[in-house]
Amino acid sequence: MKKRSVLIAGHPTSVSLEEEFWEALKRVAQARDLSVNALIEEIDRTRSGNLSSAIRVHILNSLLARRADAPESRPLDSRPDGA
């Protein structure tokens, strides 16, 4: 578990996440052309519970959405080339 300081709406706060989640958060932010802080601010605006949990759920949802968009995860009859 690693605790890091972040700014949310100009206010410093700390977030504790496992290193693997910090790495995944960086990747999600890069894919969206955002800073990690900007992504955390976005997650914070829409969360209903604990910030660390909301970040983990956001990462999971991002990974699931990316996987759903991957050609190899679609049924064969939904591929554009009909393969």
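This report walks through the strands, helices, core and salt bridges of one predicted model.

## Ground rules

The model is predicted, so local features need pLDDT of at least 70 and side-chain atom pairs count only at pLDDT 80 or more, while totals for chains, interfaces and linings use all residues. Residues are numbered from 1 along each chain as its sequence is written, and side-chain values use heavy atoms, with hydrogens and water left out.

Helices (H or I, at least four residues) and strands (E, at least two) are DSSP runs, numbered from the N terminus.

## The hairpin

Strand β1 covers residues 2–8, and strand β2 covers residues 11–17. They pair in the antiparallel sense over seven bridges. Two strands count as paired if DSSP finds at least two bridges between them. Arg4 stands opposite Val15 in β2.

Two residues sit between the strands of this hairpin. Ala9 takes a positive phi there, near 55°. In a regular strand, side chains alternate between the two faces of the sheet.

Helix α2 spans residues 36–46. Its buried residues are Leu39, Ile40, Ile43 and Asp44. Seen down the axis of α2, these residues fall within an arc of 140°, so they line one face of the helix. The arc is that of the directions from the helix axis to the C-beta atoms. Buried means under 20% relative accessible area, exposed means over 50%, and partly exposed lies in between (1.4 Å probe, protein chains only).

What covers the buried residues of α2? The cover includes β1, α1 (19–31) and α3. The face turned away from the buried side carries the exposed residues Arg45 and Thr46.

## The nonpolar core

The largest nonpolar core has 16 residues. Such a core is a set of buried Ala, Val, Leu, Ile, Met, Phe, Trp, Tyr and Cys residues joined through side-chain atoms within 4.5 Å. Val15, Leu25, Ile40, Ile43, Leu51 and Ile55 have the most contacts inside this core. β1, β2, α1, α2 and α3 each supply at least two of its residues. α1 gives the most, with five residues.

Ile55 touches Val15, Leu17, Leu25, Ile40 and Ile43, not counting residues up to four places away in sequence. Contact means heavy atoms within 4.5 Å. Ser52 belongs to helix α3 (residues 51–69). Is Ser52 buried or exposed? Ser52 is buried, because its relative accessible area is 13%.

## Salt bridges

The whole structure holds six salt bridges. A salt bridge is a side-chain nitrogen of Lys or Arg within 4 Å of a carboxyl oxygen of Asp or Glu. Lys2, Arg4 and Glu19 are linked in a network of them. Lys2 meets Glu19 at 3.7 Å, N to O. This pair links strand β1 to helix α1, 17 residues apart. Arg4 meets Glu19 at 3.4 Å, N to O. That pair also links β1 to α1, 15 residues apart.

Glu18 forms a salt bridge with Arg56, the closest N and O atoms being 3.1 Å apart. Glu18 lies in the loop between β2 and α1 and Arg56 in helix α3, so the pair ties together parts 38 residues apart in sequence. Glu18 counts as partly exposed, at 25% relative accessibility.
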